[in-house]
Each structure stands twice: as C-alpha cells, then as structure tokens.
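Biologist: I am new to this structure. Please take a close look at its aromatic rings and go through them pair by pair.

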Amino acid sequence: MVRRKAIFPIKNNTISKDSYFTQNAYANYSVIASVYTVEEYINNYSTYRRRWSTAVECKDSSVCNAPLCLDLEVAALCDLACPFCYRQQVVTPDKLMSDIVARKALDSALKMKIPSIKFNWRGEPLLNDKLDSYIKLAKDGGVIETLINTNALSLNRERCKSLIRSGLDTLIYSFDGGSAITYEKNRPGRFKANYYDSVVENIKQFKEVRDSLGAKFPYTRIQMILTEESRDEVEEFYRTFAPYVDEVSTKQYTERGGNLGVLTQDEQELVKSYAQQAGKEPSEIDFMVEGGLLYVATRRLPCEQPFQRLLVTYEGRVGMCCYDWGATYPVGTICKEISLAAEKDYLDSQKNILAQRRAFRNMKPTINQDFDALRSLPSDQSLGDIWNGDIIKNVRNLHINNRQSEIDVCNSCKFKETYDWELLSQ
C-alpha cells in the first residue's frame, strides 16, 4: 500500500513544521497566555500530530473519543472564481457563518478538547470580520493548533497584526501560479480584477509585520495546485516566495471526473492507452503526476478523514470530510432549524447562476444538497454525540472493510490519499 500525500513541500526554509512548533513553543500564544507551560504545549502538540498520522488505525471510535480537527466554515463566500474550484461546479451560497452557529460549534469543540480547528472550508475566511475573535476564543480555550487557508486578497497591514495577535498558529496561502500569467488565469476575481503583484505584496507584508512584532507564529505555508502550466513553474514559485514564508508546497490537482486537460499530450496518450488495455474509458481512470512521473490508481484505501475530523458548514450542518462539497452526506447538525432554513440560500444562489449575474458567470447551477437527509437527523446534537453516533460509525466500518463504494460520496471521491498508486511512466 502506498498512501501518497496530496500536499508535499518543495522545501521547508529551515526545519519541518513539527520541529518549528516544538522549538518555538515558548513563543506560542498558548504559552504566552499561560494556557499551557512550554512542556505541556510540546507534549500536547506532539501527541496530536502522532495521532493524526495513525488515526485510521483507531478501529474503535470509542477509543478515539474526539476528532483531531474541526473544520469550521466561518465563510462560504469567496471573492475568487477559480475555474477548477468546486464552486464553479456546485451551488455554494455566498454566506457567512452566524455568530450563533460559530459559538455553539466552538463551545462544543472546547468541551471535547479537540486539538486543532481550521477556520475555513468553501470560502475565504478573511471575509468574516469575527474570524480573529473566534481564533482567540479557541486558543484561550486550549486548542493546540488554529489554522486558516486564505487567498490573501484582503490581507492588509491591520489584518496582519490582528491575526498574529489572535493566536493563529498556521497560515496557509493558496496561490496557484509561479507567474503572473498563470496565477491570473487560475485565480480571477469574482467582484473585481485580481492581480498577481498585489497579492504577492500582501504576502511579503505579512512576513514584514510578523518580524516587526517579534512573533514566531503563525507558521506560514504557500501552496500551488499542479496543473499543466504550473508544473513548469515550480522553481519560479519557490524562488519568489521562499524568502517570505516558512514552507513552499505544491498540491495535487483534484480532477473533476478525469479531466485529461490538466495533462500534457504525451501523458494523455499514456492514460488513453492504459484505459484501452483495462477496458475502460479514459475518464474512468484516476491519475496523478508527481515529480514528473505519471501514476494511475489501482485500488481504494480506507480514508483517514472520518477518523480525523468533523466539519461544520456555515449553517450548522456537520460533515465527515472536506471533500464532500456542501456536506451532502450529513452525519449530524448542531443547529437544525438554521440548517434547514439554508435551503433557501441554495435556491437563491441557483437563481443567480441561471441568470448568469456578474459574480456568477461561468458557474453551473448544480445543487447536490439533500435536505431530506438533513430533516431525518435528530435535532441539535453536540459534536460529541455526532462523533460517536451511528451514522459516522457506519462510515468508518465500511472504510475499514473496503466497502466505501457503498457510500455514494466516497465512491465518487477523487481525493489522492484514498488510492493506491502504480507508476505508469518513467
């Protein structure tokens, strides 16, 4: 079995992330605010990271009595229109998480002692002006690692200071392109034009502000999705950002139904030949390019996510996986009334897409939400009840027994880490 990682660093500028956290524990908000001693923080962080890598081995969820991470969608709204994003394929409301849902989720997470919280999912977290206060609330409550992914469009100097002072531990920039041409093609603005140079300056500015405050956190990483154009720009990408972040990484492209267009012509021919020999259509072949080599998937592996995390959407729907766009396979809800009321949000967004209003151009009006499934769930559960509930336990059991194909959303999943890979080219 080869579980290849979807995200991998080109190079850490100094040391690995885990070493960075333990060596700089004295400068972490949790220690400065006296939530933990240095020794306690290092021990808690190391335990959490060790459990993360072995979570799928925890076959009895009663042993793993809490998730290792909570994904909290503080904003479903995004100010970009990236052509490869699920937002272009599946209706996603332009909404912010209500304070009621956010605080209920955080309260439940703190009671469970969940060690990490990621404050984003389908949208841009910086668009929620309460983000910084939520991060501080989590850190004051004992959360070991707080994280966000951001496109950095609205990362001005004051927001840089606020994020650093909130106790944010990990800041991940999503920046798809090693050149202005590729970046601006991959990351067009929805509401106004987006320019390579301005976002690069925002990222440089964050480093300047962090240094000026004498801060060690958040740890910063920038990552680029690998497409046909960007695979030739990895070195340029590294040279541009290495002086300003702690880690430069690339991320495997998650194709939507075997999109051969992300491959070179020679790679496409190899996939077509392999498909013909296997008696399949090329679109049925799952592929991956890593280090200039082309791989094809031979079988599925148990997914780690149902053993690692829970995810709360802006409306309080709870999912088991960050690749289930919209949590179409809900495992619970923490605010059922608010969750059900969100049906109107999806229908309104669909109308905007059908009308092709300015910020919705080139989107497809596909709604994949099952509100009937949501209606059948118990009312307002705690995250603990959901984590130890029958729905997610059944998911884990199916994955452990290699029966994940019985779950529609898992059967169609393209997440690279859930496949075993075979080298197709040298």
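Modeller: What follows describes the aromatic pairs, their surroundings and the charges placed over rings. This is a predicted model, in which local features need pLDDT of at least 70 and side-chain atom pairs count only at pLDDT 80 or more, while totals for chains, interfaces and linings use all residues. Residues are numbered from 1 along each chain as its sequence is written, and side-chain values use heavy atoms, with hydrogens and water left out.

A pair of aromatic rings is described by the distance of the centres and the angle of the planes. Rings of Phe, Tyr and Trp (for Trp, its six-membered ring) pair if their centres lie within 6.5 Å; planes under 30 degrees apart count as stacked, over 60 as edge-to-face and the rest as tilted. By this rule there are 16 aromatic pairs. One of them joins Tyr41 and Tyr45, which are stacked, with 6.4 Å from centre to centre and 20 degrees between the planes. Both residues belong to helix 3 (residues 38-53), where they are four residues apart and so separated by about one helical turn. Helices (H or I, at least four residues) are DSSP runs, numbered from the N terminus. Tyr41 is buried, with a relative accessible area of 0%, and Tyr45 is also buried, at 1%. Here buried means under 20% relative accessible area, exposed over 50% and partly exposed in between (1.4 Å probe, protein chains only).

Another pair, Tyr183 and Tyr196, is edge-to-face: the centres are 6.0 Å apart and the planes make an angle of 70 degrees. Tyr183 lies in helix 7 (residues 180-186) and Tyr196 in helix 8 (residues 196-212), so this pair ties together parts that are 13 residues apart in sequence. Tyr183 is buried, with a relative accessible area of 0%. Tyr196 is buried as well, with a value of 11%.

Tyr41 and Tyr45 also belong to an aromatic cluster, together with Tyr20, Phe21, Tyr48, Phe217 and Tyr219. Within this cluster, Tyr48 has Arg49 over its face, at 5.3 Å from the ring centre. A charge sits over a ring if NZ of Lys or CZ of Arg is within 6 Å of the ring centre and within 35 degrees of the ring normal. Arg300 is placed in this way over the face of Tyr419, at 4.5 Å from the ring centre.

Notes
Helix = DSSP H or I, 4+ residues; strand = E, 2+ residues; numbered from the N terminus.
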